[in-house]
Amino acid sequence: MFRRTFTTLLAGLSVSAGLMGSAAAAEDMRIALVVKALGIGFFEAAAKGAEEAAEELGDVEIIYTGPTDTTAEGQIEVINSLIAQQVDAIAISANDTDALVPTLKKAMQRGITVISWDSGVAPEGRQMHLNPSSNPLIGNMIIKLAADELPEGGEVAVLSATTTSTNQNIWIEEMNKVMDNYPGVEVVATVYGDDLADKSYREAQGLMQSYPDLDAIIAPTSVGIVAAAQAVVDAGKVGEVNVTGLGLPSEMAGAIESGASKSFAIWNPIDLGYSATMIAHALASGEAEAEPGAEIPMGRMGSLTLDENNQGAMADPFVYDESNIDEFKSIF
Amino acid sequence: MTTTTDASTGRHIPDRLRSPLEARLKSWESLLLLVAIAIFIANSLASPYFLNAWNLSDATFNFTEKAMIGFAMALLIISGEIDLSVASIIALASTAMGAAVQFGVGTPGLVLIGLGTGLICGAFNGVLVTRMGLPSIVVTIGSMSLFRGISYIVLGDQAYGGYPSSFAFFGQGYVWWVISFEFALFAVLAVIYGVLLHKTNFGRAVYAIGNNATGAMFSGIRVERVKFTLFLLTGLMSGLAAICLTSRLGSTRPSIGFGWELEIVTMVVLGGVSILGGSGTIPGVVIAAFVMGLVTFGLGLLNVPGIVMSIVIGALLIGVIALPRLWAKWRA
């Protein structure tokens, strides 16, 4: 008697778990958006963008999935079950560049379109990779944000991460290349806060003391920008010194509110999920081919041009200011 | 039921209280088997993709490597000890193999290095537990951090790759049709461990130690030596799992197999092995491996989020462990 109840209970458990996943119309194209781990605001926002794209396309079903923790093994289990379901396309933000390659190769062999976005997979494991932005676009954006607030020109300083941070160094280099487009704006110093909150804070303080006429601090790092904004507030220089650069909306909401930062930039996860879905749809339906030089349509985001490594940059970093910060600060 | 007939009275006198068949039917393993069958049926009804030879074959990869370690872990837990460093041994063995690849070591050499690293780690745990008399749970929590820590020091955020193509057979090769090398290895090991535990003196010694180590010692069993051998075996199996997993991923990162120790212990306990030692069977562990594999794959096919899977596995474990006890209490 006991055993019967017990097994019925367990069978009921698995059946009811089974009913939770609802089957959609079979003829829909099924695109799986695989993320590093579920429950991360950034990826939840990307899923929102993917749903938006699906609605626009009409005949697309989005499967938003990922492991519970950010491991390659977890993603492999997820991909295996997607292969088994014969989905039409997999768009993945990978936990590991190399470890996913054998499994994704298998997916491609079975006719599934595979693209990576945000965090890429080695070229042999995907058809193309979607970068949220590109180094030249970021380099231009950080100086543009500062220059837009300085129509008469002025003095700006850069607060970077460490002297050896590859990303930051490339962005600053790209920024210097386009300085001619912003006449009157002068970079007076570049200092390094080592991506430590306290050191970045002290470096920002030092900048304001050394350059009393400083108009803006550009921090292309999420640690530095928050520390610099705090230093500006504490020095009572809100309105005189504008802090801008790259930061996270959740961490920068206070700085926007206090006025220490007029605007800053970072990629928009909603646009990223939207574009990844549009591209996956275009490739899976045969509308576009993933090959060097190809132009792939991305709906409202325009089109993506692939380079020789089958990579492309989606857009300029997205600008956050007081008009949209409230919407995004709860997302990531 | 075997009976003897008393010639003088003509009455049937049972020579056993329960027949072997009845005992077997009421055993833990048959309960678990019923659960497995129920899950299998529920899965087939819930998803049209479940009953497919290749999909089921892919699904076995979710548990084969863990089960290899699970067999040795079962013996260790029956003897009253535990090894929580198994997943870290995987990381260290994989790192050692990855480093060897950079020096041009071929596939046979890599296998030896993988197994050898596992044995050394097992011996390290074994010596600390049997020679120094330290509690195994403390020792292996320590070595869990130690072994993986070494991998992190060696690799940092880098990865080893470039494994020879013949090495891919262990994790990606097929022996016959849909039977993967890993699954075949799992089946062979199940038989070997089944015979070792249930048909040899060594196996009986393991039970004796788990039930009463002092009693076992006075019966002439070399308790420390048996325990040391079990730690060696667990290390060896972790090395073997490292070979399979590394081969399947095609690369090594220090986070490889992260969190597996608890999944393996869960599998063993679900298989009916008492966490306090002294009882449990290999067939139970085999069925538990299938149950866990079927649950995760079945739920994966329905795109149930990983966290729900963890909840189902957790509920399954607590349910299977607690309900029989509650039942016994309620009846008494």
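Tutor: Two residues are in contact if their C-beta atoms, placed from the backbone, lie within 7 Å. This is a predicted model, in which local features need pLDDT of at least 70 and side-chain atom pairs count only at pLDDT 80 or more, while totals for chains, interfaces and linings use all residues. Residues are numbered from 1 along each chain as its sequence is written, and chains are lettered from A and ligands numbered from 1 in the order in which they are written.

Student: How many nonpolar residues are on the side of chain B that touches chain A?

Tutor: Contacts link 42 residues of chain B with 36 residues of chain A. On this side of chain B, at least two residues each come from helix H2 (28-46), helix H3 (53-60), helix H12 (223-249), helix H14 (282-301) and helix H15 (306-331) of chain B; helices (H or I, at least four residues) and strands (E, at least two) are DSSP runs, numbered from the N terminus. Nonpolar means Ala, Val, Leu, Ile, Met, Phe, Trp, Tyr, Cys or Pro, charged means Asp, Glu, Lys or Arg, and the others, Gly among them, are polar. By class, this side has three charged residues, 16 polar ones and, in answer to the question, 23 nonpolar ones.

Student: Is B:Leu233 buried or exposed?

Tutor: Leaving out residues up to four places away in sequence, B:Leu233 touches B:Ala72 and B:Leu75. The test counts other C-beta atoms, placed from the backbone, within 10 Å: 20 or more is buried, 12 or fewer is exposed, and in between is partly exposed. Because B:Leu233 has 23 other C-beta atoms within 10 Å, the answer is buried.

Student: What distance separates the centres of domain 1 and domain 2 of chain A?

Tutor: Domain bounds here come from an automatic or database domain assignment. For chain A, domain 1 covers 26-132 + 269-315 and domain 2 covers 135-266. Taken over C-alpha atoms, the separation of their centres is 33 Å.

Student: What is the handedness of the β-α-β crossover from S1(A) to S2(A)?

Tutor: Strand S1 (residues 29-34) of chain A pairs with S2(A) in the parallel sense over six bridges, and A:Ile31 stands opposite A:Ile62 in S2(A). The chain passes between these strands through helix H2 (residues 41-57) of chain A. Viewed with the strands pointing away, a path that runs clockwise from the first strand over the helix to the second is right-handed. This crossover is right-handed.

Student: Which residues of S4(A) point the other way from A:Thr113, A:Ile115 and A:Trp117?

Tutor: In a regular strand the side chains alternate between the two faces of the sheet. All five residues named for S4(A) are buried, with A:Thr113, A:Ile115 and A:Trp117 pointing one way. The other way point A:Val114 and A:Ser116.

Student: At about what angle does helix H5 of chain A run to S9(A)?

Tutor: A second open sheet of chain A has four strands in the order S7-S6-S8-S9, with parallel pairing. Within it, four bridges join strand S6 (residues 154-160) to strand S8 (residues 214-219) of chain A, with A:Ala157 opposite A:Ile217. Axes are lines fitted to C-alpha atoms, for helices over the stretch in contact, and angles between N-to-C directions run from 0 to 180 degrees. Helix H5 (residues 135-148) of chain A lies across S6, S7, S8 and S9 of chain A, and its angle to S9(A) is about 160°.

Notes
Pairing = 2+ DSSP bridges.
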